[in-house]
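We'll take it one piece at a time.

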Amino acid sequence: MKYKLRAAVWEITMACNMRCKHCGSKCAERLCDELTTDEAIALCDELVEMKLDFITLSGGEPTTRFDWPLIAERLSTGGIKTSLITNGWLWDEDLIAKTIKAKVHSVAVSIDGLKETHDYIRREGSFERDMDTIHRLIDAGIHVAVITTVNKVNLLELDEMFKLFSTLGISVWQLQIAMPMGNLKEHKDLYLSPDNVDDIIDFAYNRLGTGVTIALADCIGYYNSKAMEVVQKHIAEDWCWQGCGAGKQSIGILHNGDITACTSLRSSDFIVGNIRERRLSQIWNDPNSFSWNREMKKENLVGLCKKCQYGSMCLGGCTNSRLCMNGSIYSDNKFCSYHVAVSEFESKLDELIAENTYDNLIEEYINTEQYQLAELVIAHKLEIHEDINTLELYAYVNFELENYKVCQQVNEKILLLDENNSYALKGMGLSLIKENCLLMGLEYLFRALKFNSGKTFDPYYDLCVVLKELDIHLLLEELHNEAKKCPDYQAEQFQGLLS
């Protein structure tokens, strides 16, 4: 199987002693279809059998479930690094002793602001009770993390919260965005705006190495250099976002044994099975499971995400962000930091064009490989006037952005105006090959040579690169000799191609 299950979040109960204003699950009472102890233990054994690396037990409030220590211990002793997310209200010495016995790796306490804000969001008196719980856990030698769901109010308190947490001995502080789902739908005053994402990233970046480690959740990023550096400090130096891992590396397990890609994706549309009906391994290895994400491609998305230069790697960022903010998993992720930056640029585009010229801006952005910005400027110019030179530039930047279908469409338009345009023929060939249409792509590349007439070496070089990649060496020397006749021939470009 292509996908290896590494991590899971298991909502072991929907029972909760809080009624948090941002709770996406709208947790309240224990539900009658909750897994029994025997069913839960059997699931633990299967997770161990599948060699899961990490699991987080959550809820609801997991400590309201009487057998949670049995579940945690079964997972931990099976070699799975087991963590617990709690609201901190119920903790006493007995609960801490059970946590130690269960070999729980870490306990994350939810803190959503300073005292007044936290108690407003959660429950009167919970802030002081949570602080006491954190002290108890740390004194007992348990790794303690804090999770904050950032909203419009507590965003302004992050600095004071950082100072407080830095004095407590907390190992990690995770920041995540409050999503408009569940209870939060009734509290629109807490909603963040897209530009607040950069406020969170800047906050975390400016405090690197100065105290408690700040972790940015998967809903914050993505191709923002500051955000990447923050996450790299927490995970690994070579880390970079490569798309939502839901259903690819991780799953969500609901209280009744339903399996979803992520516990935030709770609707029946995302439930792929139930462990009462099929073994988890069968659900995971079913080629139809999680197909919406396993088969996700850049071209499935819309808006900027569809044409973003990072789209083929990022795949729109956090799935639940797109779903909650825009109502579809294929929608634009307007809470992506890169999206915010490009949108801001686009809003100022008319002003930039008035101060410069289209051609100067296009040249600057192409020369500095800022193809996303070049695409916006060229598209703006084409709305006013279409000419072959501008269309050629538009095809080029879309190729560099890996928008191969757009590249083909633009080159088709050029070929309608000039059927022998060597540049468009070459562009068609290369974009088709990128989409694995090899024979048709090669046909276009050879046609490009036919109408190039020795004007430029590019078509020869590009065809040589393609043939080399396809392990076809027969024509390389002949093509190179033809390229030498071109006035712009560059010998260094061909180094390594002919060996």
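Leaving aside residues up to four places away in sequence, which residues does Asn333 touch? Contact here means heavy atoms within 4.5 Å, and the list is Tyr222, Cys305, Gly316, Gly317, Cys318, Ser321, Arg322 and His339. Before going on, note that this is a predicted model, where local features need pLDDT of at least 70, side-chain atom pairs count only at pLDDT 80 or more, and totals for chains, interfaces and linings use all residues. Residues are numbered from 1 along each chain as its sequence is written, and side-chain values use heavy atoms, with hydrogens and water left out.

You'll find Asn333 in the loop that links helix H13 (319-326) to helix H14 (337-347). Helices (H or I, at least four residues) and strands (E, at least two) are DSSP runs, numbered from the N terminus. Asn333 is buried, at a relative accessible area of 2%; buried means under 20%, exposed over 50% and partly exposed in between, with a 1.4 Å probe and protein chains only. Its side chain reaches the backbone oxygen of Gly316 at 2.9 Å and the backbone nitrogen of Phe335 at 3.1 Å.

Now for the sheet. It is open, has 10 strands in the order E7-E6-E5-E4-E3-E2-E1-E8-E9-E10, and its pairing is mixed. Two strands pair if DSSP finds at least two bridges between them. Strands E7 (213-216) and E10 (273-274) sit at the edges with a single partner strand each, so one side of each has no neighbour in the sheet. Further in, E2 (residues 54-58) and E3 (residues 81-86) pair in the parallel sense over four bridges, and Leu57 has Leu84 in E3 as its bridge partner.

Helix H1 (residues 37-49) packs on this sheet, touching E1 (7-11), E2 and E8 (250-253), and its direction makes about 175 degrees with that of E1. Such angles run from 0 to 180 degrees between N-to-C directions, with axes fitted to C-alpha atoms, for helices over the stretch in contact. Within H1 lies Glu46, which counts as buried at 6% relative accessibility.

Last stop: helix H2 (residues 68-77), where Trp68, Pro69, Ile71, Ala72, Leu75 and Ser76 are buried. Looking down the axis of H2, these buried residues fall within an arc of 160 degrees (taken from the directions from the helix axis to the C-beta atoms), so they line one face of the helix. They pack against E1, H1, E2, E3 and helix H3 (93-101).

Terms used:
Polar contact = N/O pair within 3.5 Å; in protein donor to acceptor, adjacent residues only side chain to side chain.
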